[in-house]
Amino acid sequence: MSTLEESKVEELEEIARRVRVHVVKSTNEAGSGHPGGSLSAADLLTALYFEIMDHKPEEPDWPKRDRLVLSKGHAAPALYGALAEAGYFPKEELMTLRKLGSRLQGHPHVKTTPGVDASTGSLGQGLSIAAGMALAAKLDRESYRVFAVCGDGEIQSGQIWEAAMFASHNKLDNLIVFLDRNNLQIDGSTEEVMSIEPIITKWSAFGWHVLEIEGHDMEQIVDAVQRAEEVHGQPTIIIAHTIKGKGVPFMEGSLAFHGKAADDEQLEVALEALGEKDDEVGGD
Amino acid sequence: MWEMAKQRDAYGEALVELGREKDDIVVVGADLCGSCRVKEFGSEFPERMFNVGIAEQNMTGVSAGLALSGKTVFSSTFAVFATGRAYDQVRQSIAYPELNVKIVSTHAGITVGGDGASHQMLEDIALMRVLPNMNVVAPADYHESRKATFAIAEKERPFYMRLGRSSVPIITEEDDPFDVGKATVLKEGEDVTLIGTGIMVSECLKAAEKLDKQHGVDAKVLNMSTIKPLDEDSIVKSARDTGGIVTAEEHVVSQGMGSGISQVLAESNYHVPMKRVGIPNVFGESGESDELMEKYGLTAEHIVESAHDVLERR
């Protein structure tokens, strides 16, 4: 049932690897940021920008493009990494993340960064924005799709469920949401802080088409979107099981790197784990 | 003496006309579509009207998404919910990305009446004027509400427009100009300037008449229908020409229009005596509109007293 050729999978995995390198390097250079949740979403974002979405890096405002709202805005380093790889701006610019005067703000901002479709960062708001975009597409009889990536802790926010109700009520089948289910939020495990399970039952009860995948498997990510497209009259949420910090062993499943960057020593270890050996650490 | 009409009626009617003129106008409501007078738009353009239910945070986010997709969005609910319940959404999803969303609230102020403090929004001007990128408009009457609706639709940026619930005097003419950011002089005067916004402009006119007839004081009356950006030139000119300022608003005096004007004056070369008429920093209560206006210090009499205070301090 796989739709991806093996060579394509390898290509996507290589891009995702580079996105991860960008995440650890740019947050290290910034001295802050959220590597954990960026690394968990890196494969999703890579699949979106390099296989799933119809978009034109040379024309970021192309009206017919598919949109992406990174509702978990703190994963901005991964989004920027994917956008830079796609050609929206020079890769060197990634090292300006969070610095004064940079186009790469700590959280995504639609006014400053080419390719960013919405300003996010205050959790819980992105799904409403994505729903508004999907509604506009319906209104204009346009065929572009709207994707959103939400964090799992984020769905504790009430506005998510307002938007969930709204999207199914309006039959927004052009809205496809990835839930980055990495099981951790800043204060601990989602189930300890404020349990969000049973997720599938909840989203189904809100009228959504629910899929569940392994969120680091390119074939499953791409296939899930194809399955979502076959459903009409319903928005789809793809519960993507992921690992926080994925790809950097000492960050995997670690709470410590939710909102903390690797220091220079840790960066070396991280880059080695990511197969990026001959790289200058620190970025200057 | 004046004909009475509701600001929200004017808004609803103007929206329908705008809808006929422009395909990109869409309206989002939150179960108060009848009260906010956006229902008529929905009757004529059902495909461009979205009721999100009692979910103002989502309403604000959906409005942002529609604006990001090229729509001119009018988002309407009661002032207390539009600015209070959804403040963070207004800040993050609309003001920060500077989107083309017009948050038009009705039922602002204490004249909401019987519903009591829970529904009497007295802090919305403060909340909205402090937000970067946000523009704030408070029309004085029916005609201005209509003109302001057209005017803000023309400008591709976020607006907060504040309308009341009750019928209020029609004090402007249908063909008077209305420019965002420009105060209008409703009466010239030499002794003191009364600056009103929203429904308090008519009280300023009443106060000016009393001052003239009963006290021989020649007051100038300024209608400050745009609260942000404030018409600084006209404020400073009034201070220079009349030597005293009284402001009047149906809002808590802390951080409202009057506060904004006091800041303009403090940084000008005209440090004239000033008095702000408005509600002290308290919550309201249930009552009839006129009873509440009286009890909370919002009548022409209060403006007259304040004018005397300013004149004595000069």
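A strand, in the sense used here, is a DSSP run of type E with at least two residues, and strands are numbered from the N terminus. With that term in place, I shall present a structure that is a predicted model.

I begin with strand β6 of chain A, which covers residues 209-214 and contains L211(A). With a relative accessible area of 6%, L211(A) is buried.

I turn next to salt bridges. How many salt bridges are there over all chains? The count comes to 36.

In chain A, E11(A) pairs with K8(A), and the closest N and O atoms are 3.5 Å apart. These two residues are separated by about one helical turn, because they stand three residues apart in helix α1, residues 6-30. E11(A) is partly exposed, at a relative accessible area of 41%.

Helix α1 also holds E14(A) and R17(A), again three residues apart and about one helical turn from each other. Their side chains meet in a salt bridge with an N to O distance of 2.9 Å. Both partners are partly exposed: E14(A) has 30% relative accessibility, and R17(A) has a relative accessible area of 22%.

Is E203(B) buried or exposed? Its relative accessible area is 10%, so E203(B) counts as buried. K206(B), by contrast, is partly exposed at 30%. Returning to chain A, salt bridges with shared partners link E14(A), R17(A), R18(A), E85(A), K91(A) and E276(A) into one network.

Charge also collects on the surface. A patch of negative charge is formed there by D263(A), D264(A), E265(A), E268(A) and E272(A). Of this group, E265(A) lies in helix α9 of chain A, residues 264-273. E265(A) is classed as exposed because its relative accessibility is 66%.

On the cysteines, I can be brief. A disulfide is a covalent bond between the sulfur atoms of two cysteines. A search of the whole structure finds zero disulfides over all chains. For C36(B), the nearest cysteine sulfur belongs to C33(B) and is 7.0 Å away. C36(B) is buried, with 0% relative accessibility, and C150(A) is buried as well, at 1%.

Finally, I come to the backbone. Where are cis peptide bonds found? One runs from E197(A) to P198(A), with omega near -5°, and P198(A) sits in the loop between α6 (190-194) and α7 (199-205) of chain A. Another joins K228(B) and P229(B), with omega about -5°; P229(B) is in the loop between β12 (226-228) and α9 (232-242) of chain B.

Positive phi values also deserve mention. R141(A), which is not a glycine, has a phi of about 50°. R141(A) occupies the loop between α4 (126-139) and β2 (146-151) of chain A and is exposed, at 75% relative accessibility. K171(A), likewise a residue other than glycine, has a positive phi near 55°. K171(A) is placed in the loop between α5 (158-169) and β3 (175-181) of chain A, and its relative accessible area of 51% makes K171(A) exposed.

Terms used:
Residues numbered from 1 in each chain as written. Chains lettered and ligands numbered in written order. Predicted model: local features only at pLDDT ≥ 70, side-chain atom pairs only at ≥ 80, totals over all residues. Heavy atoms only, no water. Patch = residues over 30% accessible without salt bridge, like charges linked within 9 Å, V, L, I, M, F, W, Y side chains within 5 Å. Areas by Shrake-Rupley, 256 points an atom, 1.4 Å probe, with all protein chains shown as cover. Salt bridge = Lys/Arg side-chain N within 4 Å of Asp/Glu carboxyl O. Lys, Arg positive; Asp, Glu negative; His and termini not counted. Charge placed at Lys NZ, Arg CZ, Asp CG, Glu CD. Helix = DSSP H or I, 4+ residues; strand = E, 2+ residues; numbered from the N terminus. Buried < 20%, exposed > 50% of the residue type's maximum accessible area, 1.4 Å probe, protein only. Disulfide = S-S within 2.5 Å.
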